[in-house]
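Subject: A structure to look through

Hello,

Here is the structure I said I would pass on to you, with the sequence alongside. Please open it first and keep it in view while you read my notes below.

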Amino acid sequence: MRALTVHPATARSLEVCDVPDPVRGEHELLVDGLAVGVCGTDKEIVAGEYGWAPPGEDRLVIGHESLGRVREAPAGSGFEAGDLVVGVVRRPDPEPCGACARGEFDMCRNGRYTERGIKERHGYASQSWSVECDYAVGVDPGLERVGVLLEPTSVVAKAWEQVVRVGGRSWFEPRRVLVTGAGPIGLLAALLGVQRGLEVHVLDRVTSGPKPGLVADLGATYHSEDVDQVTSAIQPDVVIEATGAGAVVFGAMAGTAKYGIVCLTGVSPQGRKLSVDAGTINRELVLENDVVVGSVNANLRHYRHAADALAQAERSWLERLITRRVPLERAGEAFTAQEGDIKVVIELA
Ligand code: BGC
């Protein structure tokens, strides 16, 4: 079968090539791949800056934002041929650490977790794949065109859960949320904020293309001014940060309402320097009981929340997040940004 692979740590090694067909284990599903989404992590892997092949191999099948259709399922697994499924990205470390031992592998402490398509496990960018039944998540049958958004939605579902749990340390009735960045993560964070009944604001640099309309159609407010202008105008109780851009991150930290929570989800490149007034930021965090919390990956609970959130969302709005679909044999095109791109998807079927 055909699969999208790289030589980790080697730039320009992306190649669609033949790899062995998957063999379904006893407690596994055999799945026909429908699509994989491309995110910033995939671009880093393709640039040779991230990613690890399985031990003893030199190529890694990439793809961690999956969607497929079950071809074979073990009896009694709760899955049947024809079901739409998404494979979970992370697996607990083999030791396992206390968090992994409790199913919270997204909070792994010793860093020995593995991730499909990213870290020491082949991903889902292949014509078929197998997955442990316990790490497959069923998707509403009506979501065939957009179910590939489940993994990024799980990341955002976890971020919202962090906000709620951190907020729960005292009285917490947030009203206003600012989402910084209107890429897939930011837009999905905005969707979940609207679903929670919050007043949602989204900040992004662009003033044209599909983003402003997508935000407006959620009933949220689009902004493209400087972060400081936006925060001083709206005083957000919560910021979901999805740009990873230093100036936006620190602007958000300094600009929340009292008892504000900033949840960081953007992975920024290393080595970018910025001069900040550390005294003011520290003072504001202390005097306002503010919290800045980082959030990565997602566990099974977050995938289930995400599946519910997508099932509740308007399909046509979700479809508009997927701005380009590229066939597997031309997958390389998915890694070259085009104007108006939000989520680019590689079709496997
Ligand atoms: C994925 C996460 C993963 C992280 C770090 C992100 O792009 O969505 O699941 O944990 O990369 O590898």
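**Helices H7 and H6**

In helix H7, the buried residues include Val248, Val249, Gly251, Ala252 and Met253. Please keep in mind throughout that this is a predicted model. The buried residues of H7 pack against the helices H6 and H8 (278-288), and also against the strands E12, E15, E16 (261-264) and E17.

Helix H6, which spans residues 227-234, has Val227, Val230, Thr231 and Ile234 as buried residues. Looking down the axis of H6, you will find that its buried residues fall within an arc of 95°, so they line one face of the helix. Ser232 and Ala233, by contrast, lie on the other side of H6 and are exposed. The cover over the buried residues of H6 includes the strands E12 (176-180), E13 (199-203) and E14 (221-223), together with helix H7 (246-254).

**Helix H3 and its two partners**

At what angle do the axes of H3 and H4 cross? Helix H3 (residues 150-167) and helix H4 (residues 184-195) have axes that come within 9 Å and cross at roughly 55°. The two helices, H3 and H4, are therefore oblique to each other, and the crossing in which H3 passes H4 is right-handed. On the H3 side the contact is made by Pro152, Thr153, Val155, Val156, Ala157 and Trp160, while H4 contributes Ile185, Leu188, Ala189, Leu192 and Gly193. Sorted by class, this contact of H3 with H4 holds nine nonpolar and two polar residues, and no charged ones.

H3 also packs with helix H9 (residues 300-312), at an angle of about 110° and with the axes 8 Å apart, and H3 and H9 are therefore roughly perpendicular to each other. Here Leu150, Glu151, Thr153, Ser154, Ala157, Lys158, Glu161 and Arg165 of H3 meet Arg301, His302, Tyr303, His305, Ala306, Ala307 and Leu310 of H9. By class, the contact of H3 with H9 has six nonpolar, four polar and five charged residues.

**Two buried residues to look at**

Is phenylalanine 105 buried or exposed? With a relative accessible area of 2%, phenylalanine 105 is buried, and its place is in the loop between helix H2 (98-101) and strand E8 (114-116). If we do not count residues up to four places away in sequence, phenylalanine 105 touches Val88, Arg90, Arg91, Pro92, Ala99, Cys100, Tyr135, Asn297, Ala298, Asn299 and Leu300. From C-alpha to C-alpha, phenylalanine 105 and alanine 220 are 33 Å apart in space, and they are 115 residues apart in sequence.

Valine 202, which has its place in strand E13, is buried with a relative accessible area of 0%. Leaving aside its neighbours within four places in sequence, valine 202 is in contact with Leu178, Val179, Gly181, Ala182, Ala190, Val215, Thr221, Tyr222 and His223.

**Points in the backbone**

Most residues other than glycine have a negative phi, and most peptide bonds are trans.

Glutamine 235, which follows H6, has a phi near 45°, a positive value in a residue other than glycine. Glutamine 235 is found in the loop between H6 and strand E15 (238-241), and with a relative accessible area of 41% it is partly exposed.

Asparagine 297 likewise is not a glycine, although its phi is positive, at about 60°. Asparagine 297 is found in the loop between strand E17 (291-294) and H9, where it is buried, with a relative accessible area of 6%.

Which residues are joined by a cis peptide bond? Glutamate 95 and proline 96 are joined in this way, with omega at about -20°. Proline 96 itself is found in the loop between strand E7 (90-91) and H2.

Notes:
Residues are numbered from 1 along each chain as its sequence is written. This is a predicted model: local features need pLDDT of at least 70, side-chain atom pairs count only at pLDDT 80 or more; totals for chains, interfaces and linings use all residues. Side-chain values use heavy atoms; hydrogens and water are left out. Axes are lines fitted to C-alpha atoms, for helices over the stretch in contact, and angles run from 0 to 180 degrees between N-to-C directions. Helices (H or I, at least four residues) and strands (E, at least two) are DSSP runs, numbered from the N terminus. Angles under 35 degrees count as roughly parallel, over 145 as roughly antiparallel, 65 to 115 as roughly perpendicular and the rest as oblique. A crossing is left-handed if the near helix is turned anticlockwise from the far one by less than a right angle, and right-handed if clockwise. Contact means heavy atoms within 4.5 Å. Ala, Val, Leu, Ile, Met, Phe, Trp, Tyr, Cys and Pro count as nonpolar, Asp, Glu, Lys and Arg as charged, and the others, Gly among them, as polar. Buried means under 20% relative accessible area, exposed over 50%, partly exposed in between (1.4 Å probe, protein chains only). The arc is that of the directions from the helix axis to the C-beta atoms.
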